[in-house]
Amino acid sequence: MSASVGGKSLALSQVNAKKQDVFVRVRKRDLEKLTTEVMQLREFLPKVLNRDLIERLRKARVAQTMKGHLVQDKEQLRQKCLHLQSRLDAVQTECQKEREEKLLLREQLWQSGAELQQQADFCSGLGSAACSLLWSSSAREHTITHWLADGKLQSFLTVAAQTLESFVRSLDEEVKTETEDHNSQEHQFVLALAGTITNIAAVTCGRDFLSSSAHVLLDTLMMLLELMKPGVFPKLKVLMLMALYNVSISVKGLKYISENPGLLPLIKTLLNDRDWEVCLHSLRLLQSVLLEEEVLLLLGSSLLDPDIRARVSQLTSTVQPSLRAAAQQTLEDLQALQQVLN
C-alpha cells in the first residue's frame with residue numbers, strides 16, 4: 001500500500017519537475033570537485049584570457065582570412081601566369097617565323113641589290129659607250145645638220161641637261177676632288193654628254209639652235225658651273241665653259257647669256273679655280289662679252305669689277321703661255337673699256 005503511495009508521489013514529483021525545472025542528481029563528491037574546478041577556472045582564466053591573447057587570437061583569425069585570400073590570389077596569379085606563358089610561347093613562335101622571313105627577305109634584297117648594281121653598271125657602260133660615239137660623231141658638221149633635220153635634238157638636249165644636273169648635284173664635294181677617278185664609266189658618260197653639247201655649239205646651225213631653242217640647257221650649264229667647287233671635275237667644267245663660249249659666238253646667244261645676272265659672279269669665281277684650263281676658258285668667255293658692243297651697253301660698268309680686273313692682272317704672270325696670253329688680251333680689253341666709259 002505504502003509502496004504504491006510512494007510510487008505515486010514520485011510520479012507526481014517528476015511531473016511537477018517537468019512543469020518547473022529539470023533537476024539532475026549529482027553526487028556530493030562530484031559536486032565538490034566541479035566546484036573546485038570552477039573556482040580554479042575563475043582564478044586562472046583571467047590570467048590566461050588577457051587582452052594580449054585576445055589580440056593574438058584576433059590577429060590569428062585575420063591572418064587566417066588573409067591566408068585564404070592569398071591562396072586565392074596565388075591561384076589567380078598561377079592561372080594568369082599559365083595564360084601569359086601560353087601567349088609568350090605563341091609570340092615566340094611568331095617571332096621566330098618573322099625572323100626567318102626577315103632573313104629570307106634580306107637575302108632576296110641583297111640579291112636584288114646585286115642584280116640592280118649589275119644592271120646599273122651595264123647601263124653606265126652602255127651609256128658611256130653610246131655617248132662616246134655621239135661625242136665622236138658630233139665632231140662632224142654634217143652630223144649636227146642631220147640631227148637638226150631629224151628633229152630629235154631638242155629631246156636629247158633636255159635629257160642631257162637633266163643628266164648633268166643630277167650628276168653634279170649628287171657629288172660629295174667634300175670628298176670628290178682632283179684625285180677622283182676620272183676614268184669611271186659614270187664620269188666618262190657625263191663628259192661625253194658635255195662634249196657633244198660643246199660640239200653642237202661649235203657648228204653655226206647648232207649654236208643658233210641652242211641660242212633660240214635651248215635656253216633651259218644654257219641656264220643649267222651656268223647653274224652647274226656655279227655649284228661645282230674649285231678643283232672638282234675640271235674637265236667637265238672646261239667642256240661646259242667651251243659650250244657657253246661657242247654659244248657666245250652667236251650675238252643672240254651672247255645676249256641671252258649676258259642677261260643672266262649670275263654670269264659675271266660666275267666668271268669671277270671660275271677665274272680663281274685651281275685648274276688653269278678652267279681659268280683659260282673663263283677668260284675666253286669674258287673676252288667674248290667684252291667684244292660685243294650691245295652687251296657692253298647692257299652690262300656697262302659692272303664689267304669693270306675690281307676683283308675681276310685684279311685676278312686677270314694676276315693671271316698675266318702665270319707660267320702657262322696660253323693662259324698668260326689670254327689674260328694679257330683680256331686685261332687690254334678691260335683697259336680699253338674703262339677708257340670708253342670714262
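## Helix 7 and its neighbours

Helix 7 has buried residues that pack against helix 4 (141-150), helix 5 (153-169), helix 6 (185-202), helix 8 (215-227), helix 9 (234-248) and helix 10 (251-258). Please keep in mind as you explore that this is a predicted model.

Which residues of helix 7 are buried? Along residues 204-213, they are Gly206, Arg207, Phe209, Leu210 and Ser211.

## Salt bridges across the structure

Let us turn to charged pairs. Searching the whole structure turns up 5 salt bridges. One of the helices that helix 7 packs against, helix 5, holds a pair of its own: Arg169 and Glu165 both belong to helix 5 and sit 4 residues apart, about one turn of the helix.

Another salt bridge brings together the side chains of Lys237 and Asp273, at 2.7 Å from N to O. Here the partners come from distant parts of the chain, 36 residues apart: Lys237 is in helix 9, while Asp273 is in the loop between helix 11 (263-270) and helix 12 (276-290).

Are these two residues buried or exposed? Lys237 is buried, with a relative accessible area of 0%, and Asp273 is buried too, with a value of 5%. The cut-off for buried is under 20%, which is why Lys237 at 0% and Asp273 at 5% both qualify.

Lys268 lies in helix 11 and Asp305 in the loop between helix 13 (293-299) and helix 14 (306-315), so the pair ties together parts that are 37 residues apart in sequence. What joins Lys268, Asp305 and Asp307 into one network? The link is made by salt bridges that share partners.

Lys268 counts as partly exposed, at 27% relative accessibility, whereas Asp305 counts as buried, at 19%.

Which residues form a negative surface patch? They are Glu94, Glu98, Glu100 and Glu101. Glu101 is part of helix 3, which covers residues 51-137. With a relative accessible area of 41%, Glu101 is partly exposed. Patch members need over 30% relative accessible area, so Glu101, at 41%, passes that cut-off.

How values were computed:
Residues numbered from 1 in each chain as written. Predicted model: local features only at pLDDT ≥ 70, side-chain atom pairs only at ≥ 80, totals over all residues. Heavy atoms only, no water. Buried < 20%, exposed > 50% of the residue type's maximum accessible area, 1.4 Å probe, protein only. Helix = DSSP H or I, 4+ residues; strand = E, 2+ residues; numbered from the N terminus. Contact = heavy atoms within 4.5 Å. Patch = residues over 30% accessible without salt bridge, like charges linked within 9 Å, V, L, I, M, F, W, Y side chains within 5 Å. Areas by Shrake-Rupley, 256 points an atom, 1.4 Å probe, with all protein chains shown as cover. Salt bridge = Lys/Arg side-chain N within 4 Å of Asp/Glu carboxyl O. Lys, Arg positive; Asp, Glu negative; His and termini not counted. Charge placed at Lys NZ, Arg CZ, Asp CG, Glu CD.
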